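Below is a report on one protein chain. Please keep the sequence and the coordinates open while reading.

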Amino acid sequence: MEHALLYVSLSILALIWILPFVTVLLSALRSQGDLFSRGVFALPEEIDWSNFTEAWKTGGFEIYFRNSLFLILVKVPLGILLASLAAYPLAKLQFRFSMAVFVFFLLGLAVPGHVTLQPLLVMMKQLGIANSLWALIPPYVAFGLPFQIFVMRGFFRLIPSELIECARIDGASELVIFRRIMLPLSVPALATLFIIDSQATWNEFIIALVLVSSKASRTVPVGLLQFQGEFASQYTQLMAGIVISIAPVIAIFIFLQRFFVSGLTQSAVKG
């Protein structure tokens, strides 16, 4: 009986959670007249795919997609690599003030990104990379490191130290141990971080809005805001643009979701 109530409760919560996405999708698949005459929750009389093509062409989503995809392909692997390199000595090497260094990294979780916007803008202008995608990579990497180091340190601590000692006896350097032992055994944690960081990078809005203004360098969230301002009355095309903007992160999660729970929970055991 308890299990049945649990499943019913979870099913209700799942329906509540997915309802906004369903309404957006239904609105994107119908004509403007059908939406006004039959309401948001009614099924479309006829599927209208032209909303997606029009939103893609007129909204400039090709540019925004390319920019956001570039950030994911460059920033996410770079951030995870740096976090892994920092987490390995914190987890497996004994040195003075290791806990103090770890706490110092965790303090980054308490720093709101909004308070750094003005210094970041000045810094990027001085570096000569303001108003470009390269201006987004340093702050994105920096703000992602605290959580990534926390997760990777917790997962590295689960790996038996005997494996590392055997590798050292065989003459392996710390870099070889990191590359051939620690990283291959940490695939669930790496996949978990890839999902979380990809979603955070794709959805980030405030920093991209402040540091980037040209259309050629806009990311998907900033481009969607511009699209909303220009086509506020075209509700079906606006809904199609929203579906286009969230489809990639959903695809990434579906593709890597089998690693997500195991990686995150295992990292927290000794974190």
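## Model and conventions

Helices (H or I, at least four residues) and strands (E, at least two) are DSSP runs, numbered from the N terminus. This is a predicted model: local features need pLDDT of at least 70, side-chain atom pairs count only at pLDDT 80 or more, and totals for chains, interfaces and linings use all residues. Residues are numbered from 1 along each chain as its sequence is written, and side-chain values use heavy atoms, with hydrogens and water left out.

## Confidence

pLDDT is the predictor's confidence in each residue, from 0 to 100. Its average over the protein is 85. A score of at least 70 is reached by 93% of the residues.

Residues 267-271 stay under 50 in pLDDT. The model has 14 contacts for them beyond four places in sequence, where contact means heavy atoms within 4.5 Å. Where pLDDT is low, the predicted coordinates should not be read in detail.

## Overall fold

The protein has 13 helices and zero strands. From the N terminus on, the order of elements is therefore α-α-α-α-α-α-α-α-α-α-α-α-α. Along the principal axes, the C-alpha atoms fill a box of roughly 75 × 65 × 30 Å.

How many of the 271 residues count as buried? The share is 40%. Buried means under 20% relative accessible area, exposed means over 50%, and partly exposed is in between (1.4 Å probe, protein chains only). Among contacts with a separation of 6 or more, 75% come from residues 24 or more positions apart.

Two packed helices are described by the angle between their axes and the distance between the axes. Here the axes of α9 (residues 174-185) and α10 (residues 187-203) come within 5 Å. They cross at roughly 65°. Axes are lines fitted to C-alpha atoms, for helices over the stretch in contact, and angles run from 0 to 180 degrees between N-to-C directions. The two helices are therefore roughly perpendicular to each other. The classes are: under 35 degrees roughly parallel, over 145 roughly antiparallel, 65 to 115 roughly perpendicular, and the rest oblique.

Leu183, Pro184 and Leu185 in α9 meet Val187, Pro188 and Leu190 in α10. By class, this contact has six nonpolar, no polar and no charged residues. Ala, Val, Leu, Ile, Met, Phe, Trp, Tyr, Cys and Pro count as nonpolar; Asp, Glu, Lys and Arg count as charged; the others, Gly among them, count as polar. Ser186 is found in the loop between α9 and α10. Ser186 is buried, at 0% relative accessibility. Beyond four places in sequence, Ser186 is in contact with Met152, Phe155, Phe156 and Ile159.

Helix α4 (residues 61-92) holds Ser68. Ser68 is buried, with a relative accessible area of 2%. Leaving aside neighbours within four places in sequence, Ser68 is in contact with Trp202, Thr219 and Val220. Which backbone atom does the side chain of Ser68 reach? It is the backbone nitrogen of Val220, at 3.0 Å. A polar contact is a pair of N or O atoms within 3.5 Å; within protein, one must be able to donate a hydrogen and the other to accept it, and residues adjacent in sequence count only if both atoms are side-chain atoms.

Phe70 is also in helix α4. Phe70 is partly exposed, at 27% relative accessible area. Outside four places in sequence, Phe70 is in contact with Leu133, Trp134 and Ile137. Phe70 and Thr219 are 149 residues apart in sequence and 9.7 Å apart in space, C-alpha to C-alpha.

## Val249 in α13

Val249 sits in helix α13 (residues 235-269). Val249 counts as buried, at 9% relative accessibility. Not counting residues up to four places away, Val249 touches Ser198, Gln199 and Trp202. Val249 and Gln199 are 50 residues apart in sequence, yet 5.7 Å apart in space, C-alpha to C-alpha.

## Positive phi in two loops

Most residues other than glycine have a negative phi, and most peptide bonds are trans. Phe97 is not a glycine, but has a positive phi of about 65°. Phe97 lies in the loop between α4 and α5 (98-106). Phe97 is exposed, at 55% relative accessibility.

Asn131 is not a glycine either, and has a positive phi of about 65°. Asn131 lies in the loop between α6 (117-127) and α7 (137-158). Asn131 is partly exposed, at 32% relative accessibility.
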